[in-house]
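The stops below go from one whole chain to single residues and then to the contact between chains.

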Amino acid sequence: MKFIYTLTAFAPLIAAIAAGFFGKRLGRTNSHRITIGGVALSFLLSCYAFTQVVLGDAPVFDESLYTWLISGDIRFEVGFLVDKLTVLMMLVVTFVSLMVHIYTIGYMEEDPGYQRFFAYISLFTFSMLMLVMSNNFLQLFFGWEAVGTVSYLLIGFWYKKETAIFANMKAFLVNRVGDFGFVLGIAAIVMYTNSLHYADAFAAGPSLVGETMSIFGNAEWQVLTVICILLFIGAMGKSAQAPLHVWLPDSMEGPTPISALIHAATMVTAGIFMVARMSPLFELSETALSFVLIIGAFTAFFMGLIGIVQNDIKRVVAYSTLSQLGYMTVALGVSAYSAAIFHLMTHAFFKALLFLAAGSVIIAMHHEQDIRKMGGLWRKMPITWFTSLIGSLALIGFPFFSGFFSKDVIIEAVHASNIPGANIAYWAVFGGVFVTAFYSFRMFFLVFHGKPRDQHAYDHAQESPKVVTLPLILLAIPSLVIGGLTVSTVVFGNYFDGIIFVDEAHDSVKEVASHFHGAIPFALHGFVTPVFFTAMAGVLTTVVFYLLAPGIPAFLDSKLGFFRRILENKYGFDDFNQAVFARGSIGLGKQLWQKGDVAVIDGALVNGSAKGVGALAGVARHLQSGMLFHYAFAMIIGLLVMLSWFFFV
Amino acid sequence: MPWLSLTVWLPIIGGLIVIALGDRRSRPLALGISVLTLLVSLPLYFGFDLSTPAMQFVERANWLPGFDIEYALGVDGIAMPLVILTTLINVVVVISMWEVIKDRPALYLGAFQIMTGLMVGVFSALDAILFYIFFEATLIPMFLIIGIWGGPRRVYATIKFFLYTFLGSVFMLIALIYLYRLGGSFAIEDMHQLAIAEKPQFWIFLAFFAAFAVKIPMWPVHTWLPDAHVEAPTAGSAVLAAIMLKMGGYGFLRFSLPIVPDASSQMDTFMIVISLIAVVYIGFVALVQRDMKKLIAYSSISHMGFVTLGIFIAFGLLQKGDISGVALGLEGAIVQMISHGFISAAMFLCVGVMYDRVHSREISAYGGVINTMPLFGAFMVFFAMANAGLPGTSGFVGEFMIILAGFRANFWIAFLAAMTLVLGAAYTLWMVKRVIFGEIGNDNVAALQDVNRREFWMLGSLAAFVLLLGLWPDLVGRVMHASVENLVSHISISKY
């Protein structure tokens, strides 16, 4: 199996190297054939792994590939851990990646950087697989930073665009702020468990309960709380949780296929995956869980609100992603790890679908992204329209769609949870349901229904080619059915037994499970819940606002402009960061350089002492020839004198 | 075979021959010498005995018996990687100046060969006076390289460079002579065994500090480095950053720690504080540089802060009985030095590639270079990522080890050190954004030609080493375990 798992991870890397270094020689067609072949192989091998690990009950694979380094008694290794959680992630990653690879043939058709793009997305797939398949913190961090780097390269793929190269630097730096916490968390784990291996760290976890460390003065902190919060700061960067969410909306400057793959389906969920993987540690610190919960709840509600005022089709979906990541984080906070992973999976399908559908619309509109200029497109592009509808219904959690199962479980779990902060979080995720329904269908109606607002663009719009619509259809299927098919095993069954640990004291999923009697009754019951009515209220509001009485939004706008401006300014996060962190750092740097280095060290000390010597030696000026070798000569003479003094005195 | 003597003298004599034979065939001759030097240094790695901390490939001869000064060479696991680094970088540097240098090429190439031999001498001398002579002698070729082929302010830069570093090392000589008077031997390993009282230890520590802190350089005696780099020709900058700075780090490991461990232990808080200032303060200073070479010079100082940090957290960890942490810190410091050797050389050579075409080092003179030089842009982005400590590149390894070790010493040490994750990425990627990405900035950039075959191999070989060390640092790690263990045993015993 070692060979198979190695091949699963490395096939996309080999393809990426081929397309990246020899892309020109290979040509376009061969480049995409090779990279698609690599990812397809990975997908097939992942399916095989699924049959072995999940269906065949093969033992958990946990072996190292090679020793990276040994220092002291700490071994740094590279290796794989393949259990049911890993296999689920491998399937999601390789499937979405394969869809995006195929879609890219159509989307990037006319781009001069065609081969480079394929090389990047294959490299990304490799990095993401290394991340999810790791059995230790070193490789986790490698994958973590590698996906961040490929994301950097892809956001800045159109390197001439000033906004793109600003966005990619911003994304990398904000992620690095998260990684700052992450690396310290890893350092803490290595310090207290003396190992980087997951299994060792998890086994040592319980023995750390009650152990404290001092950080500020005499206040003692629980070691486990410190570790978990530091690790979670890493997750906040990668999974774009407030206040480290600011990079994700800007990342939409990159080409749409990567928005689907990296900034919706896979990379941004790495933080969620990581926390779920670390459940044996997080379960030991209620404080850390509470922190996770509050951050997630804030993100889920307030980032969704911003989505309401966005007019760029991709940005609406981006804010929706932020909000959905918030839902997943909330699930982690209430110890519903399986629900978080479940929502991660369903979200990966329907959000990738929504992004790719948005991309299809963008092609049809000749790279116009403003939804106010669209309308009525359902006639022109029926496949895109229909798959979008499926994606949107899944997103708002319409019963029987896959998003319904995952989202409803999260909301129920929050309701059942007794973690401090759960009651506030409940209102956030509940309110978020209305917001989600509103921004989703606002976009849906503005794009596909009503009268065309730009007749010229409408006349030229047409359905996208097969390579674009095929992935849409293939993603629409799981968006529709995957939730109902798997909810009873993944969330309420024993799928994650022995992988995810939940303390009896706050097992919120168990509480929900007591009302669960199969997927169909669950979904049927979904039609009579307050959550459903709230979502329908959101949809109906958009029907009124954007189909029946289009005057209302403008009227509300004139009355509530203040709130709109707050949302349009994104609560001022960007302005604050720019003013305080960006400009502040530059100001500080200038001060330290001009005042510290130039004025004090060089001006006063170095050149000052030189001048001082000069003044004192004014009398002996004639000895000073200004020739350096005279000075050096004098130094050597002086040395000789000193030497003789040492030897003979 | 006397491999070490060959590695020291082959380039020195070869360099003299290059100078003597004149400009006509100087390039292939210098390349041949550098390749031959690399080849004779390789047995040091492949024939290295991993199990012993003792000096290997030892050669001894009486030199000045009247003063008990020996010609003694040898390497252990700390010195050997630095020797290989020196000979490797030397080949790359010769390739880098191939058609670039037009003014007196024989003298230029010869000076570099001589300097390589002298630097190998520094890392392999077992006699303190021999070490001192090599240590000082390396200044002469570098002085000439900056002074003759340097930029417009080369006179100020060379004098600053020379006086700063010369003044520092004079104190070291006094300390060495004092140690000789105490123990009757100039052999460095004998000095490791000396019992020294508290007061003299303190003064000896300060004398060594003066020499090595200036060399590496530590804040606040670092201001010679940006000036020297800005004025130095490309190849000079590469060697200065890649190897000469490491003489300071090596000095701390070879002299300060084992000879005066008690004083080092007493001073460790001070050393840790100024190392962290180097990491953070200099990180901010690098952010606002307008000259690419200055930016990379400041980045070097910040990275060297990690080296001294990794070395001096050892004492606090020893008191906690955390031997693993001590090894992580010390080995991290050595890995950081090797890695920085490749990355800083590559960064300076990248700036050189652009400078050769546009004749400016100002960031504002560029913009959108990747439009006309895609291959070069890829290299530059790769090395920038390595400079920012991306896992998978060598730049990550040492920093990661030192952060892990720092956390074991004190949360705040790790906290401040880890700020480099953000700061290092900020100053490097901001430069990349302004220089490499964007629309074509001006006509000079529009007229750029991508890297030629020579430049491709020069940058490509460095990239290969950066990747190799990043993906498999154990290649260096394994050779130093025994020696580091030995060093730990030295510093854990009081010398009073």
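Select chain A, which has 26 helices and four strands; helices (H or I, at least four residues) and strands (E, at least two) are DSSP runs, numbered from the N terminus. Chain A is as compact as a globular protein of 649 residues, because its radius of gyration is 29 Å, close to the 26 Å of the globule rule. That radius is taken over C-alpha atoms, and the rule is 2.2 Å times the number of residues to the power 0.38. This is a predicted model, in which local features need pLDDT of at least 70 and side-chain atom pairs count only at pLDDT 80 or more, while totals for chains, interfaces and linings use all residues. Residues are numbered from 1 along each chain as its sequence is written, and chains are lettered from A and ligands numbered from 1 in the order in which they are written.

Orient chain A along its principal axes: its C-alpha atoms fill a box of roughly 100 × 60 × 55 Å. Of its 649 residues, 56% count as buried (20 or more other C-beta atoms within 10 Å of the residue's own, C-beta atoms being placed from the backbone; exposed means 12 or fewer, partly exposed in between).

Next, the cis peptide bonds. In chain A, go to the bond from A:Ala242 to A:Pro243, which is cis with omega near 0 degrees; A:Pro243 sits in the loop between α7 (223-238) and α8 (247-250) of chain A. In chain B, select B:Trp219 and B:Pro220, joined by a cis peptide bond with omega about 5 degrees. The loop holding B:Pro220 runs between α9 (198-215) and α10 (224-231) of chain B.

Which non-glycine residue has a positive phi of about 65 degrees? A:Ser335 does, in the loop between α13 (313-333) and α14 (337-364) of chain A. A:Ser335 counts as buried because it has 30 C-beta neighbours inside 10 Å. Now move to B:Phe57, where phi is positive at about 55 degrees although the residue is not a glycine. B:Phe57 belongs to strand β1 (residues 56-64) of chain B and is buried, with 22 other C-beta atoms within 10 Å.

Finally, show both chains. Their contact takes 51 residues from chain B and 51 residues from chain A (two residues are in contact if their C-beta atoms, placed from the backbone, lie within 7 Å). On the side of chain B that touches chain A, α7(B) gives the most, with eight residues.
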